[in-house]
Amino acid sequence: MTYLLPFAICLALCLAGFSLHRYGNIPRQHIIVTLSVLMAWCFSFLIVFTIPLDVTSTLYRQCVQEHNITTITTLAATSATTIPAGHTVTIHAHQQHSLKHNESSVLSATASSSIAAALTSRTTTECQQPWGMIPEEVFPNLWRIIYWTSQFLTWLIMPLMQSYLKAGDFTIKGKLKSALIENAIYYGSYLFICGILLIYIAAKGVSLDWQKLKAIASSASNTWGLFLLVLLLGYALVEVPRSLWNNAKPGFTLQYAYFKAAKLSADKAEAEENVDDVLESLQGIARSVPNNHELRECVETILRKVPTELQERAARNYSRGGNGGGTSTIVPSEKALVRIHRQVIKSLQTLQRTEALWSVQVEKVLYLEDVSRNMHSSDRRFKSEFTKSRSQLGRFFYSPTLHWYWACLLRSPLLKFLCVVTAIMSGMVVWSELTFFQRRPVLSIFANVINVAKHGYDFFTIEVFSMIVLCYLFYCTYSTILRIRFLNLYYLAPHHQTNEHSLIFSGMLLCRLTPPMCLNFLGLIHMDSHIIKERVMETYYTQIMGHMDVIGIISNGFNIYFPMCMLAFCLATWFSLGSRALNAMGFQQFLQNETIATELVQEGKDLIAREKRRRQRAEEAMNRRREFSRNNEAITANIYVNKYGNLNANSNTSSSATGGGVGRLGSNVPSDDLIRNGDNLRYDTLPRSLSDELKERFGVSTEAHVAFKGQQQSSSRSSGLPDEISSRFGRTQVQPPSTSHYRLEFGDYEEDDFMATSGSNRIEPPRGLFDDV
């Protein structure tokens, strides 16, 4: 039953792909960014999904080894007559229960066959293969590929990509050079620490080979990850249950949403001011570089990254500030353009981040207000102040009634229940972190659960329990990154609002935190012999990761006792010491009964009220346009019916007079400006001329009648063109032509014919609106 591993791989790939599609904008991202982030997320998820399989496989091998030794001891006592004295039998699990002597004597054929038969039957009875057993040779290669690929991504590729995207150079070579210089400064500290460690190891007289160097590299990475992991877990193990309990209270959640909206509005205003300042500087540089200059292409490259609206606003601000009167004659250097390019990229990314967070927060506040308003609804139907268009399938499966029951009735009790469950899980994690190094007696709760399931050979329970604990640790670790304010520079916003830098940062963080988190979990369940100081069969994961045994201060001190500091971080989070300290330093935090928090909550209410009025005005304008469009269509239809409504009556009357049949009075009148089949609409029955139709549609003409070649001119004439002009515009000195009226005849004449008849009453045909274009 090796299908669990392919299922885990497919699940990790699907989860990573769905998350990348939800948060990232794949069509606009660079293909290398998409592939690297997808690989980093997939490998991190795969480690979490595969560790339980490695644990059950290790426990099964340990069971087989223990029962093989017990069986051989028993059979050796009962087969003393067959096996010569002084011979012992040792069973090695990896050799498929083969028997070996410590001397050169050989067992008899009868004793060997009886021992092998008893060994096979006893092993099959006592040790049943776990559900989803994977062959032993799969795990070492799998962990090598996953671990070293993820480490290569998180320490080399992704930092270079992040620096490459932030670089302001205009060529690929220049961007790579800037990225290498920036990362060289960043990794110089790591190389300095590694050099000190290598000197320390060499001074102790420890010989270093390739395997030990790999162990040092992996252990150093895991030590860094463990340090960050303890800090994040110390905050999240308290904050996750508390946030669930607070989210179960609609009033508290709404107040906190107002507070956060006020802070995001301030951040958004600051980002807009920064963008305006940078773009005004860019406008000055763009006007100082001539069009024929060699650096003009670099300026156009920067301008193409700025939206048109921001460019127009920056141009107005630049002119309004008194800088539009003259243009600087000093042409900036290429380094100045690189610097302004980097500033433009950074400012636009900050503005995009704050606008995305603001839009998400506004939607959240509006939804919470709808929940508060529908909480005491009598009809039990969820009604939103601003309705959103949903598909018919979505309205069917998530109707307003079902929405009301979930948002107003079921959500709060469910969150409180989850709060209790996560609080129990957090208590178990903290207690196990404090006592996991104690082997006799076993005090770690997770180790006791695994031992009980191991003695009963309940491998399914071991897999499920390990998966639940790992997923909870994973959620607590990663959710902390999105909660801490100073790390909000990188965020994951849904609806494709996450930029490339945040995606790369999340991939780096997952690759650095997941391996030490899994190693910490294996230490909690007492499957790491280098922590509990007892020879137990280790998983293939710990064999590939290695141990920091070459540096005693880390293997015997930091990796064991530093996780105990998690209790101090949990207590500091419980009493909100960090929030109080930040609030005292000027970083506003949501603390109840604080004056600043109350003022920010009121400011958030005012901002949301303003946003609601803006949306209401937009909806009212849209409704007015739709109503005007419908009324205009109705008026047009009525005019058409009134104009041509008598045609069928005239046609039916003429048919009755000639005996042609009974007419259908009014049955064929078009109602949608279309001529239908069966409509007796003939132009010979029109009660008016084409000239009258043009007059009715476009107004009374100035006696410039339209006629076609060969048609007789109408005998009835009204006042001439000069009288019409005089009545409208007054008397002029221009003498009218000899005739009181004239007509325009458009025939098949060439231009020469018009020139030849310039002295007659014929004039040139009227010019159109775009004839001069």
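Aromatic pairs number 12 across the whole structure, which is a predicted model. One of these pairs joins Trp 155 and Trp 224 in an edge-to-face arrangement. Salt bridges come to a count of 13.

**Aromatic pair between helices H4 and H6**

- The ring centres of Trp 155 and Trp 224 are 5.8 Å apart, and their planes stand at 75 degrees to each other.
- Trp 155 belongs to helix H4 (residues 138-166) and Trp 224 to helix H6 (residues 210-247), so this pair ties together parts that are 69 residues apart in sequence.
- Trp 155 is buried, at a relative accessible area of 14%, whereas Trp 224 is partly exposed, at 27%.

**Aromatic pair between helices H13 and H14**

- Phe 446 and Phe 465 also form an edge-to-face pair, with 5.7 Å from centre to centre and 65 degrees between the planes.
- Because Phe 446 lies in helix H13 (residues 445-455) and Phe 465 in helix H14 (residues 459-483), the pair ties together parts that are 19 residues apart in sequence.
- Phe 446 is buried, with a relative accessibility of 0%; Phe 465 is likewise buried, with a relative accessible area of 16%.

- One aromatic cluster is made up of Phe 139, Trp 143, Tyr 540 and Tyr 541.
- Trp 155, the helix H4 member of the tryptophan pair, has the charged end of Arg 512 over its ring, 4.0 Å from the ring centre.
- Arg 22 places its charged end over the ring of Tyr 23, at 5.7 Å from the centre of that ring.

**Salt bridges within helices**

- In helix H6, Glu 239 and Arg 242 are three residues apart, a separation of about one helical turn.
- These two residues form a salt bridge whose closest N and O atoms are 2.9 Å apart.
- Glu 239 is buried, with a relative accessible area of 15%, while Arg 242 is partly exposed, with 25%.
- Arg 296 and Glu 300 are four residues apart in helix H8 (residues 296-304), which again corresponds to about one helical turn.
- The salt bridge between Arg 296 and Glu 300 has its closest N and O atoms 3.1 Å apart.

- Asp 379 forms a salt bridge with Lys 383, and the closest N and O atoms are 3.1 Å apart.
- Asp 379 counts as partly exposed, with a relative accessibility of 38%.

- Ala 609 lies in helix H21 (residues 595-657) and counts as partly exposed, at 29% relative accessibility.
- Between Ala 609 and Leu 366 there are 243 residues of separation in sequence, yet their C-alpha atoms are 9.8 Å apart in space.

Methods. Residues are numbered from 1 along each chain as its sequence is written. This is a predicted model: local features need pLDDT of at least 70, side-chain atom pairs count only at pLDDT 80 or more; totals for chains, interfaces and linings use all residues. Side-chain values use heavy atoms; hydrogens and water are left out. Rings of Phe, Tyr and Trp (its six-membered ring) pair if their centres lie within 6.5 Å; planes under 30 degrees apart count as stacked, over 60 as edge-to-face and the rest as tilted. Helices (H or I, at least four residues) and strands (E, at least two) are DSSP runs, numbered from the N terminus. Buried means under 20% relative accessible area, exposed over 50%, partly exposed in between (1.4 Å probe, protein chains only). A charge sits over a ring if NZ of Lys or CZ of Arg is within 6 Å of the ring centre and within 35 degrees of the ring normal. A salt bridge is a side-chain nitrogen of Lys or Arg within 4 Å of a carboxyl oxygen of Asp or Glu.
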